[in-house]
Amino acid sequence: MWFAHEHIDFRHAEMQSIISLLNIPIRYVEKPCVQKPYCIVELPSEDCVRKIASRSVLLKNCIELWARAKTVSQLHVNLKNSLKNSTGSWVAGEKDNDGVSSTCLCPKELIESSCPLKKSFKIEVETFCKHFSMQEKVSKIEIADGQRDLIQVHSLKKRQFIGNTSMDAQLAIIMANQAQVKLGDMVLDPFVGSGSLLVAAAHFGAYVWGSDIDYMMLHARTRPTRVGQKIRTKEESIRGNMRQYGTESRYLDVVVSDFSLHNWRSDLKFDAIITDPPYGVREPTEKIGIERDNYTLSEEHMVNHVPSKVEYGLGHIYSDLLNFAATHLEMGRRLVCWYPLVREEYQESQLPSHPCLKLVANSEQVLSKLAARRLLTYEKVLDDVPNMPLDPNAGVHNFREKYFTMGETTRRERKEKRAEEVAAYLARKMETTKYNDLM
Amino acid sequence: MLTSKCLKGVMTGYPLAINATDVKVTEVDFNPEFITRVIPKLDWEVLWVAANSIGHGEGLPKTLEPKFEENEDFLKKVHKVLLEVEVEEGSLTCPESGRQFPISKGIPNMLLTEAEVQ
């Protein structure tokens, strides 16, 4: 398996999710390691390989490994030995009447004669079997491509409706894989925004629900975020995005709703919950509320009233989200969400937790020198646990405050450093002028 | 699928009554597998009442037959009412408090006012 050099920390997690979803036994010939762009594995059949490649976005392609060795001479020996393995479709069988086997890459004798110990192997690869073009040769050893092309197809640049914090196409596909979304699943994003996570989930066959507190966002009436675009067009909507990618039939609905007081029927179960909650930096963390006591609203103001919002702390959001998932997920299914943090303070024990949910994957995407976000995947392992009170670690979840104070200190440090440098430079200059004057 | 139990003093807030002023029907692909999976998640009687209240209940039985998954004609009807019929404009009404939640452009607005969450 040959991987793209991107989101390395997600590579193994994505592959594990896919093989467990497809229930394919895999044997790692070498222990998977982030230093290598490839991973040597044994899979039961080519069909399994194709199935895996049809899901993975981090996988470039799968190539059948004929032989490998540390030295050239050993490689020749191994290659010859691998010819004895008759299961591979590329090994030549009987010759056809015209002397050239068309179904196989190379007649056996040709490979054998082209692998003399004295000759360099590299040259032979390119020159043998001239009756096949290079492309045909590659197609014989390459079994399947990963879903790298899907990144372009789903690219935000070409998407009708996007917002300030729309998820990058590749990461959205990784999330759908982490959530093990499959045909006919019912999936919810409770912080849906412009619906970029739903696009990826629907691509893999899920029927999607979304909810968000932002009325203007769901009605696509926020300011356009695309450079140079002045007004949003009529077609812009989450439904419009699904139409663009041919998955409109899997759009269930979106609802304007406050997640802290959600409206879902209490016995309703989802097959997966994928979401990217607001971090309080580029999108505010809010719920309906007002600081004032005994607030009342007259009847005439009820129509078209826009309720005021109060801070909905990250600790509360994640606590509500995990409680919600514990109640509203089908058993054995997954919650996939991002979690922002300040890098140097990261401790795995401080991640949000719930007795019903087991953390099965945790991959980091570095955002800046200070901040990162982690993609957390939880699997529901227990049922019937009452709502947990607010997470005791809630205090440490104040990402916004930390992000800005840390940013502030480094900005100040940088400024001070620059000031010192300028002062030192001026002092040096003064010295030289004095020296020059003396001369 | 939605309730109004977020309102203070409302115990179940279910089912919400649908009052539709504009109903749109868009044809989309039929997937019997999904429909079969989603039916057990529904409160069938509630769906039946809701479908009839917006005038799209024709052909739907009042009670769910035991082997519905084999009846493709029935699944197609459920598909139509679940995925093709959409209330564009109208409102949802809480059965206990009478509070109305408006639906505009097919999107229900379930937000409460700040007075209601105090």
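The confidence of the predictor in each residue is expressed as pLDDT, on a scale from 0 to 100. The structure described here is a predicted model, in which local features need pLDDT of at least 70 and side-chain atom pairs count only at pLDDT 80 or more, while totals for chains, interfaces and linings use all residues. Residues are numbered from 1 along each chain as its sequence is written, and chains are lettered from A and ligands numbered from 1 in the order in which they are written.

The average pLDDT of chain A is 80, and 81% of its residues score at least 70. Over residues 88-105 of chain A, pLDDT stays under 50. For this stretch the model has 26 contacts beyond four places in sequence, a contact being two residues whose C-beta atoms, placed from the backbone, lie within 7 Å.

Chain A is assigned domain 1 (2-56 + 58-145) and domain 2 (154-397), with bounds that come from an automatic or database domain assignment. Between them, nine residues of domain 1 of chain A are in contact with ten residues of domain 2 of chain A. On the domain 1 side, these comprise four nonpolar, two polar and three charged residues; here Ala, Val, Leu, Ile, Met, Phe, Trp, Tyr, Cys and Pro count as nonpolar, Asp, Glu, Lys and Arg as charged, and the others, Gly among them, as polar.

Chain B has four helices and four strands, which run β-α-α-α-β-β-β-α from the N terminus on. The C-alpha trace of chain B spans about 50 × 30 × 20 Å along its principal axes. The contact between the chains takes 29 residues from chain A and 27 residues from chain B. On the side of chain A that touches chain B, the elements giving two or more residues are α10 (215-218) and β8 (251-256) of chain A. Of these, β8(A) gives the most, with three residues. By class, this side of chain A divides into 16 nonpolar, nine polar and four charged residues.
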